[in-house]
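The model is shown first.

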Amino acid sequence: MKYRPTRRTRRFGIGAAAVIVLAGMNGPALYRFSSDKYHAYKINQPEYKAENGHWDVVNVPDQYRINTIHAALLHTGKVLLVAGSGNNAKNFAAKSFRSVLWDPEKNTFTNIPTPKDLFCSGHSQLPDGKLLVAGGTQRYEKLKGDVEKAGGLMFVHNESPDKPKTLPAGTRFTGKENGKTFESKDPLLVPRAKKTKNPKTGKVTVTASTARVYVEALRKGKKYQTGTEDNYRIAGLKGKDRQNFYGIAQKLSFDKKDFQGIKQAYEFDPEGERYIPVDPMNEARWYPTLTTLKDGKVLAVSGLDEIGQVVPGKNEIYDPKTKKWKYLPKQRFFPTYPALFLTDKGRIFYTGSNAGYGPDDKGRTPGIWDPKSNRFDVVPGISAPDALETSMSVLLPPAQDQRFMVLGGGGVGEDPTSTAKTRIVDLHADKPRFKNGPDLYAKARYPSSVILPDDTVLTTNGSGDYRGRGASNVLKAELYTPRTNTSRGVADPLVGRNYHSGALLLPDGRVMTFGSDSLFADKANTTPGEFQQQIDLYTPPYLFRDSRPKLAGAPKTVKLGAKTTYRTTHASAITKMRLIRPGSFTHVTNVEQRSIALDFTRTKDGVTVTLPKDASVVPPGWYMLNAVDDQGTPSKAVWVKVPAAAKK
């Protein structure tokens, strides 16, 4: 009997022949096409997803696409996305400042009126669920070749103990010797002089007060710069004010002008969905870190001030009850965006991670800091200590273990150095000392790490050079398991993410990633980069299993040390209960996220959990509560409010 091929076989044969012909004509192109098609097929297989997870792109309508630089999860389940001016000088000049509120569950978006340029601000969760946002941008930097007017720092003195004085923006200062005139760019409050009396002699001494303001020449051109110190008369003053108020400036030149910060602070109300102004900080701050303390107050540290210098150790505390700020009694210097975590006994652990400005030999050593006494105990042993800038730091789960991990990082400033090192320290050890963990998937600055409910840590992306220069973005991700001190690769991210990128855990157990601000788009560093406005969602392997726990019932508010019961199906399968603080991420910094292990007992149809008593472990605020079963699958989170502990 003669064999006759079926239609399917004939079609396959014709297709195969065409492939062979095409392969001869364009082998490499065909290989890439086939490879890409196979990769797309592979990553969408159920077995692959169950092992490695899966990435999806969020559908963001054009009118809501912004340069997301800051993101915070709110107790409503929505995410506040903040661009401010979005690292775009044209937006800044036009006062175009953007914030968008995203609902991940419904995938809906809302534009939020944004009062100031909150680009490069700090943010922290407050006990009542509002988000404190403080600092931002007063002026963009100008590189040396772009500076058109001579300018610099003017010290304004007041010798009168009787009154302070506010000098408006545009106040003019004229040098007594050089005769050149400069004007202030911002309003300035000059405090009254300090008057002290010697108790023995009765002699009264008056010490002039000092305030600082940035000034610029009235016109463009090199001839308007100065070369030496001079005293400056202040225009518009009358009577004794002419003698009591004066300026002193060193060289006013065409040197590079750094970014400048603002003092303004706001509480974002998740329910009213608006920014509410509160008292401004004592210091202007650009690139500050805000850390919630055990009593619900917030510590604000570092940043560039109103004249573009790193705040010289003047740290302050925000009280959400009074809406006011108060200086700490003693100073402690940190570079900008330092990773400062609340730890045992209300102290602060500085991991050494930071994200920018400051000298390379000051304030970069890890240690435990007591803000009350200003004592600082160095924690030794960290590897690659010169590559901590743009590194990521995480309080490993569960928080009670007080173990911290520092991942990746690079050299100070635009240094091309990067590292794959991870460093781990146990603060409960007799003599805490960093030890190396498993290397990252690659040398990476700007990696983003997120604590997951199953006690693993997802780390994703980063770049091998400063802001992705040389097409150095890393398209890798991994899961780290603290219990075994091991990591494994998972599904590759869809796009590169470096500077101005981040990631957050969502209530449903997925992870969002956002942002990226590459300097260049090509390996030769000739094509300017574009801000990555795409938002992606990573679904971890634990969400590709057959069943999932569910939690229901119980009150919304649970006090420290208290018990409460939740209904759940298959209570016997529950092996962990985790209380997770919502993240607030910017510039490789998320000191808010922490996962707390809860003691629990199983009931017939649920679980009874007990909260820890220590507010250093559970600072006041809203938390996501997850039940995790014996397969490592977490429930969707239910929201729990933990109030501040009562004062004894």
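What volume does the largest pocket have? The largest pocket has a volume of about 1200 Å³.

## Basis of the description

The model is predicted, and local features need pLDDT of at least 70, side-chain atom pairs count only at pLDDT 80 or more, and totals for chains, interfaces and linings use all residues. Residues are numbered from 1 along each chain as its sequence is written, and side-chain values use heavy atoms, with hydrogens and water left out.

## Pockets

A pocket is an open set of points on a 1 Å grid over the protein atoms alone, with protein on both sides within 12 Å along at least five of seven lines; a cavity is a set of points where a 1.4 Å probe fits but cannot get out, and lining residues have an atom within 4 Å of a point. Grid points are joined across faces, edges and corners, and a volume is the space filled by probe spheres set on the points.

Lining the largest pocket are 41 residues, with Gln138, Asp186, Pro187, Gly261 and Glu306 nearest its centre. Two or more lining residues come from each of α3 (89–93), β8 (137–139), β13 (188–190), β16 (209–217) and β19 (260–261); β16 gives the largest share, six residues. Helices (H or I, at least four residues) and strands (E, at least two) are DSSP runs, numbered from the N terminus. By class, this lining has 19 nonpolar, eight polar and 14 charged residues, where Ala, Val, Leu, Ile, Met, Phe, Trp, Tyr, Cys and Pro count as nonpolar, Asp, Glu, Lys and Arg as charged, and the others, Gly among them, as polar.

The second largest pocket holds about 1000 Å³ of space. Of its 28 lining residues, Lys294, Asp295, Gly296, Lys297 and Lys647 lie nearest the centre. The lining comprises 13 nonpolar, two polar and 13 charged residues.

## Cavities

Five cavities of 30 Å³ or more are present. The largest cavity contains about 90 Å³ of space, and its lining includes Gly122, His123, Tyr337 and Ser584. Four nonpolar, seven polar and one charged residues make up that lining.

The second largest cavity has about 70 Å³ of space. Val591 and Glu592 are among its lining residues, and both also line the largest cavity.

## An open sheet

Five strands form an open sheet in the order β5-β4-β3-β2-β43, with antiparallel pairing; strands pair if DSSP finds at least two bridges between them. β5 (108–113) and β43 (584–585) are the edge strands, each pairing on one side only. Six bridges join β4 (residues 98–103) to β5 in the antiparallel sense, and Trp102 stands opposite Phe109 in β5.
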